[in-house]
Amino acid sequence: MAFYKEKYDAIVVGGALSGMAAALTLANKGKSVLVLERHNLPGGLTTSFVRGGLEMEATLHEMMSIGPEDAPLKIRTFLEEMGIKVDWLRVPEAYRIYVPKESIDITLHAGWTGSIKDNVFVPGEFNMAKEIDAKYPGTFSEVNRLMNLCAEVYNSVNVLSIHPMSKPAMLLKHGNFVKTAGYSTSEVMDTFKLPQEVKDILKAYWIYVGSPFSELPFTIYAVLMGDYFIGGSYVAKEFSHELSLRMQERLEELGVQYEYCQDVDKILVKDGHVYGVRTKRGDEIHADYVACSAYPNTCYGKMIEPLSEVPAGAYKFTNAKKQGVSVVSVVLTLDKAPKELNIHDYSVFASDGDMDLDRLWKQAHTLGPYDYTTTICLNYANPGCTPKGQTSLSITFLPLSDAFETIKADEYFEVKRKLARSLIETVSKHLGVNLFDHILEVEVEMPQSVAHYTSDYLGGIYGFQHSMDDHIVARLQMSEEENYIKGLSFCGAHAISGDGMSPCITNGRKAAKILLDEMSEEGK
Amino acid sequence: MKIKSFLKDVGGASRVTKARKAKFDNASGKNEYTDPINALARELHPGKMKVRITKVEEVSPTAKKFTFEAVEGKLPPFQAGNYVSFSFQIGETKTTRAYSICSAPYQARTGEHPFFEVTIRNGRPGQGFVSTYCYENWKEGDIVIADLPYGHFYIEPLRDSKYIVGLAGGSGITPFYAMAQEIAHGTLDADLTILYGSVSKKDIILVKQLTAVSKECKRVKFINVISGEGEKLEKGDEKGFISRELIAKYSLDGNPSNGKTTFFVCGPLPMYNFVAKELAALNVPARRIRMETFGAPKDISKAEGYPVELIDKVFKMTVVRGVQEDVIDARADEPILVALERHGIATQSHCRSGECGYCRCKVLEGTFFVPSVGDGRRAADKRFNYVHACSTYPTSDIKVRIPILDD
């Protein structure tokens, strides 16, 4: 019986957002593509599940770089160009940050008077700078200056990732990008005259990049802040699964073969060039080009067959990289409406201690308790996400996987519950409402849950940590010499642009582009 | 480098690139791959595994308790109330069945011969095709394929009260035996009162075992609720059905509505319907009711909204796997999963109740019926005609795309 064609132009290992973006890009160029996904759902972590008849988001799932319909940003544009129309709902606020010990409690919104049109940056006034100024008078100009710097760098990164240019040209057109590239977020922030509380307010999103600011390249901070405060964030009306399924449906319309339940065991290499894959089921399928969603660590560590085809440089690469964060998330459906539970915000970042990120980062290396929590009440972005009179709430921290590596099977449930209990207690304390009295459904996600569903290396969700010695600018500059095996490229949070749903789509497009370039070089 | 001067510094890009190069150059060039997180994930969810039957015990005139050990490696940890899914090849048919694990979790992970157990009742004529097969054929020494653990019918301390009332009927008693033993062992912190509804005491399962646990452990109470006329009751038994009065009597503080008792319900569909009404009448908060799934409807023609006139039809079903297509028959009165299984097409399924989603597949052409009870699909799946094959009935010739699975 033949379930597969004799040969494909390209095989994509892993049908999550990045893999699907790669497949879309390849199919759009007329290539025959096979996507092999180990789960029986599309999208990897961009998914949902059903408990007790209720659909629940797998975790906090805001989509960036969408922008409003009349001012679309790059991901909305890409999806629409690919023929994918998602029912996007705008998230109301960027965030509320609550740090009782520093008397910080403020809610910030996206939006500004500036513009980024045809890749030209025009500065403006940010709403959030006004909101901060209202509570911390006299800070507007410095906050606004910082935000405009972020917006400018954000634009530069978007432009340069599609149109690389020479250094003099870059310096001329993207000067601030060039000039800030060598500095960490703390270093750049310290040049702004701002009270400590305001600096702390501006740190809230640190967890979404999983790096303390002493290690985080300012470039990444700028992209994050620019993205969130220019375009705002969005969620899909029918949960993250809507986005994933619409992408998959479109792939099939384009003639891409997308197969569930196919766990790729080996990537077959001969004389330094990929020639196919073998699944756990035993199917050997041929293609000279493979876009791989598995982490390079897993790929070079055990998937390449034979392993002797992996050059030492590839191991230097994986051994030098710092693994990024994983996740602990408590996903709840509660039996009262948000307001009855004193929940008034979509997104709340809270610290029970201070906002010393180096200290919080130390906690990220432990099994908790964690001072820093992210709480998302989806009802405020998507009122239909639960039946009336109920609340969808997730509480999340993103720790590193190292502390989780020593957990034994027999203590797994206990560790998981202890972590979840502590997170629920923390948020209950903030709300003044005992959430334990309202739980209809609860699921707890751990690094092992991620590994179970995706098999991602160490249960990672954010790929490799952004750091000053693994800087995005350096990643881009060195990217060509890091294609260690011909016909193989990587897509996923572990690829150049790093973590998040939107960067993953960008990573997938890039992975496809690398393969397309190789195809044309090799006359395929 | 003076930080203040960064706005004049144009060398940053080369500096960070140098730093990255240096880091890579200094790294080891050896394969140092290990992944303990994935290793634990596989230990917790090993997938299909071979298990050997080590003991068969009659636990009622029509039910047997089977004990299993792993043929290789270890059994995974599980939670009392989880189920195991067995794979079968019976004649041409490839199928699965889910049974609640009736042994305690600690027994699968400790002692010289870790094990798990299920209790299977002999099916009535025309029903319980696989249960009858197990009851009649499984014997000591046999090796079968098991996949565990699955399901959500376990006591979740983050959510549930420590005071549990179990409402059981028929084979629905089995998960409560697991919970009772785990409580008695001191590894599950809960008080459990089991109300076990039966018509007659003659043919009820695990009674001796549950009575013994309740004698040994004060935190476990076991009460037979007997509805049949002329049945001899013993001390502690209750007469009648699992009614609102009985439920109230055994709730903490005699008050089922105060949120201090969590009710776990497991039994046949008529019992669910009855008990659900009683719990609703008692104003038990929704978060205090946990219902186990109960399998596909015995007679789909009775489901609300089913086009009854089609019930005797047999449709053509085109099955797409990869680039291959096969055409098989699909009876209107059976889920499409069963049609696939009858033709020996490999599928994956566990709960067989529409809930777990492992049999998710896409209907490409044709029409179908999904009963509203137990429709565990995601919203976007409904939009794009994705269905759970175990709870989907063809109402025309139909074309489905299913995953390529092991034969």
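Trainee: How much area do chain B and chain A bury between them?
Mentor: Please keep in mind that this is a predicted model. In it, chain B and chain A bury about 7700 Å² between them. Carbon and sulfur atoms account for 57% of that area.

Trainee: Which three residues of chain B supply more of its buried area than any other three?
Mentor: They are Arg20(B), Ile37(B) and Leu158(B). Together they supply 11% of the area that chain B buries against chain A.

Trainee: And how many residues are in contact?
Mentor: On the side of chain B there are 77 residues, and they are in contact with 99 residues of chain A.

Trainee: What about charges? How many salt bridges are there between chain B and chain A?
Mentor: The count is 13 salt bridges. One of the pairs to look at is Arg290(B) with Glu441(A), whose side chains meet in a salt bridge at 3.2 Å, N to O.

Trainee: Which element gives the most to the side of chain B that touches chain A?
Mentor: That is α1(B), with 12 residues. Helix α1 spans 12–26 of chain B, and α2 (36–44), β15 (360–365) and α9 (379–383) of chain B also supply at least two residues each.

Trainee: What is the make-up of that side by class?
Mentor: The side of chain B that touches chain A has 33 nonpolar, 28 charged and 16 polar residues.

Trainee: Changing topic: which domains is chain A divided into?
Mentor: Domain 1 is made of 7–61, 240–321 and 465–521, domain 2 covers 110–231, and domain 3 covers 328–445.

Trainee: How many Å separate the centres of domain 2 and domain 3 of chain A?
Mentor: Their centres, taken over C-alpha atoms, are 29 Å apart. The contact takes 13 residues from domain 2 of chain A and 11 residues from domain 3 of chain A.

Trainee: What is the area buried between those two domains of chain A?
Mentor: Domain 2 and domain 3 of chain A bury about 1100 Å² between them, and carbon and sulfur atoms give 72% of it. On the side of domain 2 of chain A, seven nonpolar, three polar and three charged residues touch domain 3 of chain A.

Trainee: How many salt bridges are found across the interface of domain 2 and domain 3 of chain A?
Mentor: There are zero salt bridges across it, and three residue pairs are in polar contact, both residues being at pLDDT 80 or more.

Definitions and conventions: Residues are numbered from 1 along each chain as its sequence is written. Chains are lettered from A and ligands numbered from 1 in the order in which they are written. This is a predicted model: local features need pLDDT of at least 70, side-chain atom pairs count only at pLDDT 80 or more; totals for chains, interfaces and linings use all residues. Side-chain values use heavy atoms; hydrogens and water are left out. Contact means heavy atoms within 4.5 Å. Buried area is the accessible area (1.4 Å probe) that two parts lose on being put together, summed over both. A salt bridge is a side-chain nitrogen of Lys or Arg within 4 Å of a carboxyl oxygen of Asp or Glu. Helices (H or I, at least four residues) and strands (E, at least two) are DSSP runs, numbered from the N terminus. Ala, Val, Leu, Ile, Met, Phe, Trp, Tyr, Cys and Pro count as nonpolar, Asp, Glu, Lys and Arg as charged, and the others, Gly among them, as polar. Domain bounds come from an automatic or database domain assignment. A polar contact is a pair of N or O atoms within 3.5 Å; within protein, one must be able to donate a hydrogen and the other to accept it, and residues adjacent in sequence count only if both atoms are side-chain atoms.
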